[in-house]
Number of protein chains: 2
Amino acid sequence: MAFSAKTEYGIVSLVELAAIYEQGGVLQVAEIAHRQSIPDRYLEQMLTSLRRARILRSIRGPKGGYQLARPPAEITIADVVNCLEGDQSARAAASRDTPEFDVLAALQEQLDQAHAAILSGTSLQDLLEQRDQRIQAQAMYFI
Amino acid sequence: MAFSAKTEYGIVSLVELAAIYEQGGVLQVAEIAHRQSIPDRYLEQMLTSLRRARILRSIRGPKGGYQLARPPAEITIADVVNCLEGDQSARAAASRDTPEFDVLAALQEQLDQAHAAILSGTSLQDLLEQRDQRIQAQAMYFI
DNA sequence: CCGGATCCCCATCGATGTAGTTGGGACTAC
DNA sequence: GTAGTCCCAACTACATCGATGGGGATCCGG
């Protein structure tokens, strides 16, 4: 199951911000966008949504930028996905009223729960650690 | 995560057909469509796809219709979803080449596997049994 | 206090995909 | 040979997604 571009862009940006959370630094939209090859005016919208959801904090003016609103271990991917994917109102589950559609709905429920379990069991901290391991592994090749 | 209408319509139709598989009966497109409140000319397309994937068999002429090509226990929901959802060619996973996108891809892989495990672990037989239980339970209320 | 850097808000656009419709043709039981 | 059924393929309407654009608000450095 694929994430939308919105969600992907949001997650990678948050991982970048998680990496500098300890130092209390900030990153600007343009900088993240450039490093990740994302259209900057588009990324702006995602970061705005994340700010409104209290996942990010923003600082305006020169030397401004974004930073995480709380430690990476306390932000789950489920939070991010809910913010960026669920933004556009409620999806109506107008299942037809037959037993066949009912069992189908039960199956969908099962899928949703498995999905949710993974997403809320993964924090930005987890992704950050995986990222660092990858970077370490990559560095090995150059020795 | 939501199924497309195509997939939903296909699954409920197959559950109906599974219910009469033992007796070797057939159901016509129009009949299924009417019982499930699905546009019949649209449902036709799904059943055609399922026939081409060797999941259904069809019989033409008056008294014709569709029936399962093999026992319901040997048809998984994964088969059906692959047929109806994956029809339109390959989805390119052109992940950007940064460590952040890499860990994201790993997460997606994890989700896909959980998804696939459920879908290939559920057969039409399973759904049929759930449906019959529901119908039984419903009948209780009328006593 | 001014100028530039940066975030902020909202409208718009084009491409793609989804759900559904339509118009026929082929096969078969009677 | 006719009616009932499946078969094939094009077409449309609409929503969504990814992206772009025009201004505005805020803030720091000089």
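Biologist: Which side chains meet in a salt bridge at 2.6 Å, N to O?

Modeller: A salt bridge here is a side-chain nitrogen of Lys or Arg within 4 Å of a carboxyl oxygen of Asp or Glu. In this predicted model, the side chains of A:Glu100 and B:Arg131 form one, at 2.6 Å from N to O. The count between chain B and chain A is 2 salt bridges. The model being predicted, local features need pLDDT of at least 70 and side-chain atom pairs count only at pLDDT 80 or more, while totals for chains, interfaces and linings use all residues. Side-chain values use heavy atoms, without hydrogens and water, residues are numbered from 1 along each chain as its sequence is written, and chains are lettered from A and ligands numbered from 1 in the order in which they are written.

Biologist: Which elements of chain B give two or more residues to the side that touches chain A?

Modeller: Helices (H or I, at least four residues) and strands (E, at least two) are DSSP runs, numbered from the N terminus. On chain B, the elements are helix H1 (5-19), helix H2 (29-36), helix H5 (99-120) and helix H6 (124-141). H5(B) gives the largest share, 16 residues.

Biologist: What is the area buried between chain B and chain A?

Modeller: Buried area is the accessible area (1.4 Å probe) that two parts lose on being put together, summed over both. Between chain B and chain A this is about 3,600 Å², with 67% from carbon and sulfur atoms. Contact means heavy atoms within 4.5 Å; by that rule, 38 residues of chain B are in contact with 37 residues of chain A.

Biologist: Which residues come nearest to DNA strand C?

Modeller: A residue is near a strand if one of its heavy atoms lies within 4 Å of it. Of the 25 residues around DNA strand C, the nearest are A:Ser58, A:Tyr66, B:Arg41, B:Gln45 and B:Arg60. Sugar and phosphate make up 62% of the atoms of DNA strand C that come within 4 Å of the protein.

Biologist: Which part of DNA strand C does the side chain of A:Glu44 approach?

Modeller: An N or O atom in the side chain of A:Glu44 is 3.1 Å from a base nitrogen of DNA strand C. A polar side-chain atom of A:Arg60 lies 3.3 Å from a sugar or linking oxygen.

Key: Polar contact = N/O pair within 3.5 Å; in protein donor to acceptor, adjacent residues only side chain to side chain.
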